[in-house]
Amino acid sequence: MFNFLANPARFSQMADRFMPTTAGLAVVFLSLGLVYALVISPPDYQQGETVRIMYVHVPSAWMALFIYSFIAITSGIGLIWRHPLAHLSAQAAAPIGITFTLLCLTTGSLWGKPMWGAWWVWDARLTSVLFLFFLYLGFMALNNSFDDPARGEKSAAILALIGFINIPVIKFSVDWWNTLHQPASLLRIGGPAIHYSMLTPLFLMALGFTFVAVCVLIIRIRMLLLRRRIRLIKINGGKQQP
Amino acid sequence: MIEVIREFISMGGHAYFIWPAYIIATVGVLGLWFFSAWELKHQKHILTTLKKGIPKNLNRENADNT
């Protein structure tokens, strides 16, 4: 499958075929998710209506972590097997990941103020997510800071792999240190601690965000493939590559 | 009916926190999608221009940016 998609023309063909379905699923899940999140789901017995921020905050956080993991894996594949689309995929995913990290931080801040009485606290979870934001920034900066794109890709890939250590730190920060954040309430021994009426909008929004991320990833990979092709044409003095 | 809508908008007195969170998320997600689509369209335009073999200075300028 990976080798099959290595051909840019084949990738574009596949992307064209899957794009309408993926975009449609994103719209369906997000629409359903918003109705559930804002209208159907009940207020929390302790947090009241502010719990509704969870339905955008938590899926954003999941996406920020998943996309960084994707970047680390594709960077590893790029460094070890030199797969033609690996570094490109990582480069395409970075702006998506940084957007979701920023959404996670801002919506978290908007949730923190009415619940904790502060927009920001320097606890382990918030600080490690902020560090993730800077990792994304560094990855994107390194990719664009060399004249030779291959050197930029390699340096950024090494940073992505080193920064991957931050992912378990974010996940387990609520268990390892004292924090204002609640402990894990979904992936825990004994099953989820959240009622299904709140789990439904949470998963619907998460699925919606996932399909959005896949759509944008496809668009960005195609854009980077075109950019690479344009660069080659220009290097060859206007002659097209076969 | 108006009372129900007013109650929904006020979000139990937390409207100033809940609505901005949803607006920021919507703007972020849509902005990311549309900006990426615009970038793809822009690269397609450059490629078409290059294939036609016109404005060489424009092409060089774009090469520096890539």
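Reader: Which residue takes a positive phi just after α3(A)?
Author: This is a predicted model, in which local features need pLDDT of at least 70 and side-chain atom pairs 80 or more, while totals for chains, interfaces and linings use all residues. Residues are numbered from 1 along each chain as its sequence is written, with chains lettered from A and ligands numbered from 1 in the order written. Helix α3 of chain A covers residues 86–116, and the residue that takes a positive phi of about 80 degrees just after α3(A) is Gly117(A).

Reader: Where in α3(A) does a kink lie?
Author: The kink, with a bend (the angle between axes fitted to the seven residues ending at a residue and the seven starting there) of about 30 degrees, comes shortly before the proline Pro95(A). It lies at Ala94(A).

Reader: How many residues of α3(A) are buried?
Author: A residue is buried if 20 or more other C-beta atoms, placed from the backbone, lie within 10 Å of its own. In chain A, 38% of the 242 residues count as buried. As for α3(A), the helix is mostly covered, and of its 31 residues the number buried is 23.

Reader: How many helices does chain A have?
Author: Helices are DSSP runs of H or I with at least four residues, and strands runs of E with at least two. Chain A has zero strands, and its helices number seven.

Conventions: Buried ≥ 20, exposed ≤ 12 C-beta atoms within 10 Å, placed from the backbone. Expected span 1.5 Å × (residues − 1).
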